[in-house]
Amino acid sequence: MEPFPNHKPNPPPIGITMGCPVGIGPEIIIKFFAGQALEPGSFVVLGDQGVLRRTAAALGLTLQVVPWRPGDRPRPGTVPVLPVSALDPEALSPGQPTLETGRAMAACIEKAVALALGGELAGIVTCPITKSALNKAGYPYPGHTEMLAQLCGAGDYAMMMAGHRLRVTLVTIHTALATVAGALRRPEVERLIRLTGSALQQDFGIKQPRLAVAGFNPHGGEDGLFGDEEETIIAPAVQAMRAQGFAVDGPLPPDTVFVKAAAGDFDAVVCMYHDQGLIPFKLLHFADGVNVTLGLPIVRTSVDHGTAYDIAGQGVADPTSLREACRLAARIGANRLALRARAGAGSTR
């Protein structure tokens, strides 16, 4: 397991948004700080002090939840919190979101993005939210990613699921399976190849990333016998991006490409639809997968699971994905700093 990257003295911390106050976000945050011994003082929480104190007490942990303000140096051994809401913990029921909890989780995201854009946070790691409560609170986004993109003013962005053995990006995401074929477009496949390759260089420090592009139909269409999306959409996109200098192969049969990628033959797989990429990914990285938003001006990673209302408040939530999301956010931040330093050194020659 990689250590957290080294940083220059006293860099801005990474902010962790609490997510839904009645989901498992508060629990995994407390467990993360209780077990976090690497790079102490590198993380702060944007959330609710009362909710976190109640969670720590329910878990039988004596962690000290303390207030934090931008510019403060987080103290090791504490849970430093920028108070964004002041909910009544006793009025909350685990697994039962309300209008107030929806507003609180949205406010955490807005504040975190503002501080990251202003350089007062080195990046953000988000705990899970519930989309229905987000919408009820007046935020008409289908999810975290779209909200973050609009807050950052980013038009070219994508979701990557990243693990130690497999990384995947998705051409279509929350699209009904019956409409995926009609939603596939060559420019979008090209965009995902370009964005995935650029992110692997900038954020993951891979100088010459090797990309695989999955086909859409069984056996990659079998020369048009099972569908022609490979011939009319995917293959031309791959050829165009190869001509632009990307090391990309495809379309490759979807039933074998992930075996090759997990074995190390490729650095990422560009997938055509949600479950094509996420089923193999979660088979390998159910506990330790990380959601990364590509194309933002700020660093953003997230746990790869939901609010888990069914186990909220039971003390059994696993903080592994949060720990890996924090680790990856630190790594991406260090890679971006190194890239800027090299660019600056080159410009002075």
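Predicted model: local features only at pLDDT ≥ 70, side-chain atom pairs only at ≥ 80, totals over all residues.
Twelve strands line up in an open, mixed arrangement, and the order reads β3-β4-β2-β1-β5-β12-β11-β6-β7-β10-β8-β9. The edges belong to β3 (64-67) and β9 (247-252), each of which pairs on one side only. Ignoring direction, neighbouring strands of this sheet are turned by 30° against each other on average. At the β9 end, β8 (residues 210-214) runs parallel to β9, and four bridges link the pair. Leucine 211 has valine 248 in β9 as its bridge partner.

Helix α3 (residues 99-117) lies across β1 (14-17), β2 (43-47), β4 (78-83) and β5 (123-126), and its direction makes an angle of about 140° with β2. Helix α10 (residues 274-285) lies across another set of strands, namely β6 (158-162), β7 (167-170), β8, β10 (268-271) and β11 (290-294), and runs at about 165° to β7.

Helix α10 also packs against a helix. Its axis and that of α9 (residues 254-262) come within 11 Å and cross at roughly 40°, which means that α9 counts as oblique to α10. The crossing is right-handed. On the α9 side the contact is made by Pro254, Phe258 and Ala262, which meet Gln276, Gly277, Pro280 and Leu284 of α10. Sorted by type, the residues of this contact come out as five nonpolar, two polar and no charged.

Arg186, Val189, Glu190, Ile193 and Arg194 from α7 meet Ile233, Pro236, Ala237, Val238, Ala240 and Met241 from α8. The tally for this contact is eight nonpolar, no polar and three charged residues.

Side chains of opposite charge can pair when their charged atoms come close. With a nitrogen-to-oxygen cut-off of 4 Å, the model has eight salt bridges. One of them joins the side chains of glutamate 190 and arginine 186, at 2.7 Å from N to O.

Key:
Residues numbered from 1 in each chain as written. Heavy atoms only, no water. Pairing = 2+ DSSP bridges. Helix = DSSP H or I, 4+ residues; strand = E, 2+ residues; numbered from the N terminus. Axes fitted to C-alpha atoms, helices over the stretch in contact; angles between N-to-C directions. Contact = heavy atoms within 4.5 Å. Parallel < 35°, antiparallel > 145°, perpendicular 65-115°, else oblique. Left-handed = near helix turned anticlockwise from the far one by under 90°. Nonpolar A, V, L, I, M, F, W, Y, C, P; charged D, E, K, R; others polar.
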